[in-house]
Amino acid sequence: MTDYSKEMKKHLRTQKLRKASKQTKRRQKTKKPRRKDWIGDAFNEFDELEFETVERVMPRGERERRRTVEQIASTSVNKGQNDKGRSPQDPDNSTQEPEGLQGQVVEVSTGLCRVDLNGENILCSLRGSLTAAETGFTNVVAVGDRVIVSKNGSTGGVVEAILPRENILARPDVFYSHLRQVVVANADQVLIVTSWRDPHIWPELIDRYLIASHINDLTPVICVNKVDLVEEQTELQAVIQPYHDLGEMVILTSASEGIGIGQLREMLRDRTTVLAGLSGVGKSSLLNALDSNIQLRTKQVSAQKGEGQHTTTQSTLIPLEFGGSVVDTPGIREFGLADVYRPDLVHHFPEMVRFINACQFNNCTHLIEPGCALRKAVASGHIAKSRYHSYEKIYTTLPD
Ligand code: GDP
Ligand code: ZN
């Protein structure tokens, strides 16, 4: 485990406890969850890039949702079967699974979803008793969900139950901002795609995605694409060195020249990977370079959309021919830092944390105070300037 991971895990444990106690208090007060908008200069920059200000990613409330859905699913599926169902009073008794075929949701539209059943792609409706009511989410199923399906004729089916999720990425719902929408379930890692030029590499965005990935227990993989446009190798090395030092995985690629594609393929093999990155960095080009048939499969999914009445697709899980899948979602491109408060931020920069006890003031923000050990460490080259710059920029966008 890298220093980054250890430090993050320790900090996240503390943070989760804090979050849990806050949530309990909040529920007791029956208040709506607080919505945090990004503010300050960085907000304006993001706004220019059409970032949704309400975007965020978090697994909060997942346990309750899971219990409710499992509970409803198990009672509905096992209706009429003696002693088979889980009692609603006993939602943790997970020994009993609804009967049917197990598959994975690859696409979701309102009231319908497309499920991959061992390579067979079927359109499913949702069992009426599966509901998102009181779960804190506006959607019942999400891309990546593992589900139990009963087949209904040769091409259709019904989702009977949603199996427990390992993790989720969620964001506030577009229409009901006090509720959240699950964007992706059960992902393993986030591929943070940036380009060296066109658009120019943006370390602050990499750092945001890194923090969000760690918060959500997803492994980040940084991909710097368009390395064919690098003029000075030393410049590129200087930008990526801080990430190597942190123990993060960095892959250098050129989709157009075929550089680093083999390494990227190995990173994606047999895993569910969420793609993150601005438009134009080369995500589609990379996918095409990785898997020559991917365009075809993407087109097939689009064509099949015509079958359903509702075609407001949120995100798509695309299987890779060499194993694994990628999730391309409009949601993830804009994900923000959920529940990170200003004093927490430094803990998400593991190389900085070790200096903060030496700051003159114990409530040092590390921005302007005299006697700030962290800024001294930046000046003496112990902390990369680019990372500190991200810290400064992100800090101004967070709530107190
Ligand atoms: P996406 O929006 O992230 O999916 O980006 P695209 O894959 O559509 O690529 C955006 C543009 O960048 C296209 O004109 C591509 O031809 C170009 N592009 C993609 N990868 C590379 C690369 O490795 N090197 C160079 N020079 N251009 C690339
Ligand atoms: Zn300080």
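Helix 7 (residues 283–290) gives the shell around ligand 1 its largest share, 3 residues. Helices here are DSSP runs of H or I with at least four residues, strands are E runs of at least two, and both are numbered from the N terminus. This is a predicted model, where local features need pLDDT of at least 70 and side-chain atom pairs pLDDT 80 or more, while totals for chains, interfaces and linings use all residues. Residues are numbered from 1 along each chain, chains are lettered from A and ligands numbered from 1 as written, and side-chain values use heavy atoms, without hydrogens or water.

User: Which side chain has a polar atom 2.8 Å from a nitrogen atom of ligand 1?

Analyst: Let's look at the contacts, taking a polar contact as N or O atoms within 3.5 Å. The side chain of S256 has an N or O atom 2.9 Å from a nitrogen atom of ligand 1. A255 instead uses a backbone N or O atom, 2.8 Å from an oxygen atom of the ligand. The side chain asked for belongs to D228.

User: Is strand 6 (residues 168–172) largely enclosed or open?

Analyst: Buried means under 20% relative accessible area (1.4 Å probe, protein chains only). Since 5 of the 5 residues of strand 6 are buried, the strand is largely enclosed by the rest of the structure.

User: What is the bridge partner of L169 in strand 7?

Analyst: Strands pair if DSSP finds at least two bridges between them. Strand 6 and strand 7 (residues 180–185) pair in the antiparallel sense over 5 bridges. For L169, the partner in strand 7 is V184.

Notes: Polar contact = N/O pair within 3.5 Å; in protein donor to acceptor, adjacent residues only side chain to side chain. Buried < 20%, exposed > 50% of the residue type's maximum accessible area, 1.4 Å probe, protein only.
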